[in-house]
Amino acid sequence: MPHTKLIQAALAAREQSVAPYSKFNVGAALLTASGKIISGANVESASYGLSCCAERVALFKALTDDQRDFTTIAVASPGGAAPCGACRQLLAEYAKETEVILINSESPDTPTVTSMDALLPNAFTGDDLDCVSIS
Ligand code: THU
C-alpha cells in the first residue's frame, strides 16, 4: 500500500516543527487500525535536553486521544533519518507492530520502509516488569 495520505500528513506536520536551534525539522504521522491519522512535529527548547522528537509528540497526542491500535508511522526529515533510541523505546511499547516509513523531505517519492521490530528487536516492555510483585 503506498500510504500517500500518511506520507503527506508527515510532510505537513514537518511544516509545524519548532526547531529554532537545530533547524532539523521533523514531522511524524501515525495511522490507526481504524484509519485515523495523528501527526506531530519536533519542538525544541533552549535547554536542549528538554526538546521532544516528532515521533513522541505524535505518539503522546495519539495516546491522550484514546488511540492505542497503530499500524504505521511515517517520519519525514532531511535525509530520511530513522527514529532515535528514545522514540524507538516508546514506539516499541505503544506501537510495537507498526510498519515504519522513513521519508527524505528532499525526495519524498522514494520512502524507505522498515518496522519497529527491525528497529528495536527484543525491546524492554511492560511485560518484563510482570515478574515482580508490588505490594
Ligand atoms: N528529532 C526528531 O524529531 N526525530 C528523530 O527521529 C530524530 C531527531 C529531532 C530532535 C531535535 O529537535 C532535532 O531533531 C535534532 O536532533
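Here is a short walk through the ligand site and a charged pair elsewhere in the chain. The model is predicted, so local features need pLDDT of at least 70 and side-chain atom pairs count only at pLDDT 80 or more, while totals for chains, interfaces and linings use all residues. Residues are numbered from 1 along each chain as its sequence is written, and side-chain values use heavy atoms, with hydrogens and water left out.

Let's start with the ligand. The residues around it (a heavy atom within 4 Å) are S22, F24, V26, N42, E44, C53, A54, E55, A82, P83 and C84. Sorted by class, this shell holds seven nonpolar, two polar and two charged residues; here Ala, Val, Leu, Ile, Met, Phe, Trp, Tyr, Cys and Pro count as nonpolar, Asp, Glu, Lys and Arg as charged, and the others, Gly among them, as polar.

Now look at the ligand's oxygen atoms. One is 2.6 Å from an N or O atom in the side chain of E55, and an oxygen is 2.9 Å from an N or O atom in the side chain of N42.

Finally, turn to the salt bridge (a side-chain nitrogen of Lys or Arg within 4 Å of a carboxyl oxygen of Asp or Glu). The count comes to one: K36 pairs with D65, with the closest N and O atoms 2.8 Å apart. K36 lies in the loop between β1 (27–32) and β2 (37–41) and D65 in the loop between α2 (54–63) and β3 (70–77), so the pair ties together parts 29 residues apart in sequence. Helices (H or I, at least four residues) and strands (E, at least two) are DSSP runs, numbered from the N terminus.

Note on methods: Polar contact = N/O pair within 3.5 Å; in protein donor to acceptor, adjacent residues only side chain to side chain.
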